[in-house]
2 protein chains.
Amino acid sequence: MKRQTAKHLHRKIFTFWILCWSICLIALTTSAVAASDPLPSWNDGPTKQAIIEFVKAVTDKSSPRYVAPQDRTATFDNDGTMWVSHPVYTEFVFALDRLRALAPKHPEWQTEMPFKKVLSGGIKAMAELSDEEWGHIYGATHSDMTIATFLKIAREWLATAKHPRYHQLYTDLIYLPMLEAMRYLRANGFTTYIVTGGGQEFVRAYAKRFYGVPPEQVVGSSLDTKYEYRDGQPSLWRLPRVFFIDDHSGKAIGINLFIGKRPHIAFGNSSGDREMLEWTTGGEGARLGLLVLHDDPKREYAYGPAGGLPDTTVGTFPPSLMDEAKKRHWVIISMKKDWKKIFDWE
Amino acid sequence: MKRQTAKHLHRKIFTFWILCWSICLIALTTSAVAASDPLPSWNDGPTKQAIIEFVKAVTDKSSPRYVAPQDRTATFDNDGTMWVSHPVYTEFVFALDRLRALAPKHPEWQTEMPFKKVLSGGIKAMAELSDEEWGHIYGATHSDMTIATFLKIAREWLATAKHPRYHQLYTDLIYLPMLEAMRYLRANGFTTYIVTGGGQEFVRAYAKRFYGVPPEQVVGSSLDTKYEYRDGQPSLWRLPRVFFIDDHSGKAIGINLFIGKRPHIAFGNSSGDREMLEWTTGGEGARLGLLVLHDDPKREYAYGPAGGLPDTTVGTFPPSLMDEAKKRHWVIISMKKDWKKIFDWE
């Protein structure tokens, strides 16, 4: 009886032992696969393959497409490429909140355009602003303070404001697959730049913490700045005048101005990124252009109107851009098909 | 007799042996001292000490003046700080040579100002140009071509043009002590930027090779650029219109625009660097401002007029700047006293 119990116990311990080892082995195998996959949030397929093959060629010294580490430059558009930009650009929501906060001190805005229509129409009115109107709103909400104060205000807003659909912080609406692509490129010697039509300082307010991109690697639109002494201290004061618009051809110009190197890989999502991709892929050797297509109404949004998607005033992807993409062999990233997971919290 | 000869020979060999060892020992000691001295071309004294103490404090984790590596930013003016700028800025000589080369195609320059006076007056006339006149010369000699073509022309010129006094290439007139300071800072985790009133692309043409400073770390003055297709290829075309002047307050503004970080150490030599040093040393924690004083007429030039030196239109160091330097504890680098060696070929 005693012997049998002992035998039974031994068998139980042995079974438990085997089970433990099996679990360990499965866990090890899974993590090894994950470690060998630099883009785990991307579905396997030609898009993911194109990125991996590009990186392999660029880093392989025996490849004719090899690029020296100091020349490995990657540029990323921000709105709609790195994070959600619908129903309207995040910075537009920030401007609207600032406008509402400043309105009591500006009774003239109740009758003056475009302030009047934005204060009454909210986000919907913001999405329909012309470039000139946005310039007025931008000047009124982003200037008349030091750079340091602006960064503080932007950071405070980003730490609390939430997206109307997802009810998440805007920095929680950064696309995980794009973060993975950025980190993968950096791990392979690339310097990764944000090249945004949005405000350079607005993106600088969060880029280091959330993208791992330091201030000197954020290229964007900017206001005129005035250097002056205030309270005995030198200060940089933001003026309500546009200095540089880093959009459309401004992106190619801005890349040369700030970086002075032609990118080898560029990511965008709309007609504002056309010239950046042209400039990138027009260079010799290994070059890759990619465009995110917002075709996932369930998990994110669907707009275009390339591929029959509804048109938009916020980050349009017209059929002509799709035609050019095909002609120049740019890679289309389908959110729906190529991204296994869109957000980290999913 | 034989024994004596042998003894004599032994003594000779022994003496030779001792001599060899002594030479070896001296060589070893000298190289050990050199290796432990990060600034061998600087004379020992308070200036060299200030730089070394600053670097020690910034890199010492236990120091209250410690700065994290990603924030270690150093900015260097170019003309008169990194290389010779007398009798006139190098880029002015380049512009003059370009003007002379282009003159046959521009008969109108024979009567039109300021072209007429520069073509007849040469370097002396260049040194006396007003900012507006220089703008005209700059536009006529630096534009109407792609960025790539400009870089090629600048590099070709720098490879052959020689300084009228030294009869050396301009890149051989880079100050060795400043190169040492730059390398010393980089070896201690600093990112080193050129912040120049001169043309950004002109400095980019040689900065990587001669300073070890890549294009994205050259902040300078720039022309408007146009993005367009030429011969079926996207190109960046330089227009004869000034876009940004990176001088005086423009240096503080340019530092924020391009770098987005406040420098911890800045080197300059003239009134055009005043605001850069104010902005740098106005920050909290470890900050150091330094100004090169050209007080060595024998090895280089003597101009100021701080300290009773003759005045100049090329890189002036007025008494008011010296007063401010004293008030703000900026360090004055005396070429005569602080630099053991000025040029590598000396």
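Which residue lies over the face of Trp279(A)? Arg262(A) does, at 3.6 Å from the ring centre. A charge sits over a ring if NZ of Lys or CZ of Arg is within 6 Å of the ring centre and within 35 degrees of the ring normal. In chain B, Arg238(B) lies over the face of Phe150(B), at 4.2 Å from the ring centre.

The model is predicted: local features need pLDDT of at least 70, side-chain atom pairs count only at pLDDT 80 or more, and totals for chains, interfaces and linings use all residues. Residues are numbered from 1 along each chain as its sequence is written, chains are lettered from A and ligands numbered from 1 in the order in which they are written, and side-chain values use heavy atoms, with hydrogens and water left out.

Over all chains there are 48 aromatic pairs. Rings of Phe, Tyr and Trp (its six-membered ring) pair if their centres lie within 6.5 Å; planes under 30 degrees apart count as stacked, over 60 as edge-to-face and the rest as tilted. Tyr175(A) and Trp339(A) make a tilted pair, 5.2 Å centre to centre with 50 degrees between the planes. Both Tyr175(A) and Trp339(A) are buried (under 20% relative accessible area, with exposed over 50% and partly exposed in between; 1.4 Å probe, protein chains only). Phe343(A) and Trp345(A) are stacked, at 5.0 Å centre to centre and 5 degrees between the planes. Phe343(A) counts as buried because its relative accessibility is 1%, whereas Trp345(A), at 36%, counts as partly exposed.
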